[in-house]
Amino acid sequence: MSLQSAAIIPRHVSVDDIFVALSRLPGVSGVGARQMTRPEYQLIEFVRGNQRAAIHAFLSSYAAEDYAEVLGGDSVLLTMEAKAENARLLAELAGTGGWVRSSDSEPWRAIVGTND
């Protein structure tokens, strides 16, 4: 498995909520989703600038046991290929009160002061 940037949204959100949040970001277009092996796992694909990108969205907290120690209750885990720009995008989506890490090998950091 490759290294992943990740963010935790500290509440339940739907795929449509993620679409709306993505559409508000500059340079993002062509947002769509594919259901993967389970209904709570969606692959959200979009174009940023002139490059295709994808976010793995785990819509139920039990689907992501690796972050259970960070946050209890309803939450959504978002992951992308580990890059600084992807960590920034995920932090924007998670918003204030969420958590982000640039790669699997880094600790979670609380997100403060974003415009969510």
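Two strands count as paired if DSSP finds at least two bridges between them. I take helices (H or I, at least four residues) and strands (E, at least two) as DSSP runs, numbered from the N terminus.

I am working on a predicted model, where local features need pLDDT of at least 70, side-chain atom pairs count only at pLDDT 80 or more, and totals for chains, interfaces and linings use all residues. Residues are numbered from 1 along each chain as its sequence is written, and side-chain values use heavy atoms, with hydrogens and water left out.

Sheet. I looked up strand 3 and strand 4 and found them antiparallel, joined by eight bridges. Leu43 has His56 of strand 4 opposite. The two strands make a hairpin with two residues between them, and Gly49 in the turn has a positive phi of about 65 degrees. Strand 4 also pairs with strand 5, antiparallel, over three bridges; there Ala57 faces Leu78 of strand 5 from the opposite position.

Core. I define a nonpolar core as a set of buried Ala, Val, Leu, Ile, Met, Phe, Trp, Tyr and Cys residues joined through side-chain atoms within 4.5 Å. Buried means under 20% relative accessible area (1.4 Å probe, protein chains only). The largest core has 25 residues, and Ile18, Leu22, Phe46, Ile55, Leu78 and Leu89 touch the most other members. Among the elements that each supply at least two of its residues are strand 1 (4-9), helix 1 (15-23) and helix 2 (84-94). Helix 2 gives the most, six residues.

I then checked Leu89 for contacts (heavy atoms within 4.5 Å). Leaving out residues up to four places away in sequence, Leu89 touches Leu22, Leu25, Phe46, Arg48, Ile55 and Met80. Another core, of six residues, lies apart from the largest one and includes Ala6, Tyr41, Phe58 and Leu77.

Conventions:
Buried means under 20% relative accessible area, exposed over 50%, partly exposed in between (1.4 Å probe, protein chains only).
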